[in-house]
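Hi,

Here is the structure I promised to pass on. Have a look at it first, and then read my notes below.

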Amino acid sequence: MIEVSHYSKRYGAHEAVQDLSFTVQPGAVFGLLGSNGAGKTTTIRALVGLTRPTSGTVRVAGFDVWKEPVKAKAAFGYIPDRPYLYGKLTARELLRFVGQLYKVEGADAEIDRWLTLFRLEDFGNELIETFSHGMRQKVAIISAMLPDPGVLIIDEPMVGLDPHAARQVRELFRAHADRGRTVLLTTHSLPLAEAVCDRLVVLDRGRVLGEGTMDDLRTRTGTAAGGVHGDSLERIFFRLMEEEQEEERQRREVVAAG
Amino acid sequence: MTTRPAPTIQPLRQPSLLNLKLTALRHTLRRGPKWGYVFVALLAVLLVWGEVYGIWRALNFLGSFGSIGTNVFARVLEIGLITLSSGVTFSATTAAISTLYLSEDLNFLLTQPIKTWRVFALKVSETFLNTAMVPVFLTIPLLLTVGVFFHAPVWAYPLMVLTALMTFAAPVGLGALLAVLLMRVAPVGRVREVSTGLGVLISAGLVYAIRALRPEVLIQKMQDPAQFETLLKNFASPSSPFLPPVWASQSIWGAAQGRLDWGLLPLLILTVGLLAAATALATRAYQDGWARALDSSTPRLDPTPKRATLTERLFARLGPGGSLAYKDLRVTLRDPTQWSQLLVVVALAGVYLVSVKAVPIPIPQFRGILGYVQLAFQGFIVSGVAVRLAFPALSTEAKAYWLLRTGPISAQQIVLSKFYGVLPVTLTLGLVMGIASARSMDLGPTLLLLSVLVSVSNAFVITALGVGLGAAAPKFDADNPAEIGVSPGGLAFMGLSLAYSVLCLLLLARPAAGSVLRPDLFPGLYALGTPEGVLGLIGLTLATVLGTWLSLRLGWRRLDALE
């Protein structure tokens with residue numbers, strides 16, 4: 001389970017995230033949506049211990065990420081948007097290292113299974129520095145999935161993946177949640193969010209524009225399901241953005257008049 | 001209708017690469033921690049003051065013995081310059097390959113309409129800063145103090161500074177030349193590995209070959225072990241006329257006493273020649289070498305799973321810290337920019353020991369004093385090694401650090417793992433230098449024991465300082481590993497470790513002086529049993545334990561708070 005409570009993050013005068021709260025229950029895939037600079041990655045970074053909250057708390061599997069970091073980190077797997085890995089290790093060596101850190105039982109067999117699943121079995125003994133971006137992304141995904149974490153946190157999962165791998169990963173996340181695990185992902189891909197997410201939060205410039213299931217958001221924005229796959233969420237997203245821009249315009253007019 | 005004067009067209013100026021770098025540096029400084037800069041500035045002032053004060057006292061003391069005393073100082077200056085410039089020579093090729101070919105900004109610079117030689121010149125300047133800035137910073141106050149002591153004429157000061165710059169620029173020019181040559185001829189697919197390995201070996205070989213200008217004599221003498229030892233000793237002898245640092249030393253010593261020495265001319269010819277040859281070669285081969293460097297090792301597909309070795313399984317039994325240490329060992333041995341540093345360690349220790357052994361000082365008291373004072377030099381060499389191995393230990397995780405940061409391993413485990421990984425190297429180096437130099441200078445039992453103790457203390461504290469400060473201010477986005485030590489944190493580390501080496505000497509100065517100056521009163525290890533001796537030993541133990549613990553603690557606490 002993930003619990004984010006009144007989380008804010010400030011960089012000097014700039015407030016990247018303002019008073020964000022949400023809970024992700026086991027068995028659910030939760031999506032954080034938003035345009036560039038919305039605060040999605042800042043939120044993810046707080047959840048995985050890369051950024052300290054200015055205020056509020058972030059808890060994973062019942063552990064405060066900043067008060068009990070090792071326990072919290074043992075409970076989640078993290079897939080970053082850019083898969084920087086040790087180039088001088090082979091894929092198998094890196095995955096064994098991850099297996100040792102997370103104390104994974106029978107790691108060798110699991111590593112072989114994952115490499116085969118992602119069609120990397122021929123490359124397992126090769127240095128990661130020789131891999132393409134997509135292959136590195138696959139290794140980063142395997143390293144997060146290897147310990148079979150109770151909570152999976154993913155930042156932009158589809159960057160660099162080929163269509164086959166992208167579909168595989170989408171199904172993987174869904175299946176992981178269906179096994180009673182918790183999945184949180186950020187994405188720019190509205191079709192992906194619509195296809196796998198049970199609940200969504202739409203962020204813009206650090207503030208929550210809307211939250212809920214797809215049905216909740218449709219009701220809130222008065223939009224109906226679209227004909228094209230993914231069109232519906234796209235319409236919800238832009239409606240929320242338009243509402244926000246309208247409110248901003250009105251605020252400025254009040255300030256200018258007063 | 002109003003008319004406006006036609007805008008005057010400014011002639012387009014060539015963009016300045018140096019300005020680009022300086023702007024980036026200015027932004028970095030502006031965004032960096034202000035207290036950190038104040039601390040580094042304070043440390044630099046203290047270090048320079050300590051250096052000037054110590055040298056002044058040493059010159060006064062040695063000067064009271066007349067020309068014999070000042071000659072001892074001249075020899076120490078020669079050893080210092082040989083050691084420092086050897087260090088720069090050994091690391092210059094590796095640094096040049098990293099800076100000239102592997103910097104991330106080359107993807108931008110070499111695809112712009114900019115003349116290749118300009119990019120090359122910029123990268124050679126960066127190589128100089130990465131490898132020679134600290135030695136230059138340490139040498140210049142020393143030279144100026146010598147100048148003031150001997151009432152040198154005004155022209156001597158810029159000449160001494162120029163000589164010091166050339167002493168360290170020559171190895172950088174050599175490193176750049178070798179880098180361009182090797183990157184051009186090394187086999188595609190292993191360009192980095194082959195070039196770096198060969199570069200280090202050739203640099204080390206060249207230092208020795210400078211002395212062996214008559215190779216047939218060398219081959220003849222190598223067949224006779226006794227003669228080979230004499231040859232090696234002669235090569236490293238501070239009075240060797242074929243070593244560029246000795247030309248520099250003679251030029252500096254002459255200038256300080258108002259004489260223009262001949263040593264400046266060959267040094268000038270060598271430095272300018274090397275830099276010019278490197279630039280000329282680079283205009284033809286630089287871009288091609290860079291393109292070859294982009295082809296790293298090519299995959300040889302083998303689907304047979306390779307399992308953990310016995311060593312990996314043993315390390316893994318130590319927990320996450322053990323697994324991390326083994327991962328580091330593996331990465332170090334595969335990364336030429338990292339393993340080549342181990343060769344530098346061996347080469348530096350070798351040059352230092354041969355140089356110390358060759359110092360012709362017949363008076364036992366002088367030998368004893370020099371034997372004790374050279375422990376500070378050893379501390380400096382250990383620092384020079386630690387700035388390459390311990391200080392970057394955390395930063396070499398580079399952008400893959402997220403894997404540890406988000407994994408179930410604490411900052412304390414990470415820092416301790418890095419410390420235990422580097423300590424065997426620095427401890428072995430310190431002990432070998434401490435014992436071998438004490439024995440080769442025929443020091444008494446007190447000084448021999450003190451050498452061992454100070455070496456152990458230096459290894460623990462300097463390694464901990466390196467790992468701790470490196471973890472407190474890591475540089476994950478360095479263009480190349482050579483850059484990591486050249487940062488405010490790296491300079492603070494060098495300053496603090498040098499200060500620690502001097503502190504060790506001061507703590508045990510009284511028993512050491514007693515055993516050297518009054519061997520009749522303090523025979524054997526007797527000086528260590530006196531109240532001053534016991535207090536000194538307690539002080540050294542406390543300094544070692546506290547210095548190690550506090551440095552590592554600072555490292556893991558700051559690393560834990562890092563965002």
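What follows is a short tour of what turned up. Please keep in mind that this is a predicted model.

Let's begin where the chains meet. Chain A brings 33 residues to the contact and chain B brings 29 residues. On the side of chain A that touches chain B, α2 (69-75), α3 (91-101) and α4 (107-117) of chain A each supply at least two residues.

Four strands of chain A form an open sheet in the order β2-β1-β4-β5, with antiparallel pairing. Because β2 (14-24) and β5 (63-64) of chain A stand at the edges with a single partner strand each, one side of each has no neighbour in the sheet. Two bridges join β4 (residues 55-60) of chain A to β5(A), and Arg59(A) has Asp64(A) in β5(A) as its bridge partner. Helix α1 (residues 40-47) of chain A packs on the sheet, where it touches β1 (2-11), β2 and β4 of chain A. The direction of α1(A) makes about 120° with that of β1(A).

Finally, have a look at helix α5 (residues 133-145) of chain A. Among the buried ones are Met135(A), Ile141(A) and Met145(A). Their cover includes β6 (76-79), α3, α4, β7 (151-155) and α6 (163-178) of chain A.

Best wishes

Methods. Residues numbered from 1 in each chain as written. Chains lettered and ligands numbered in written order. Predicted model: local features only at pLDDT ≥ 70, side-chain atom pairs only at ≥ 80, totals over all residues. Contact = placed C-beta atoms within 7 Å. Pairing = 2+ DSSP bridges. Axes fitted to C-alpha atoms, helices over the stretch in contact; angles between N-to-C directions. Buried ≥ 20, exposed ≤ 12 C-beta atoms within 10 Å, placed from the backbone.
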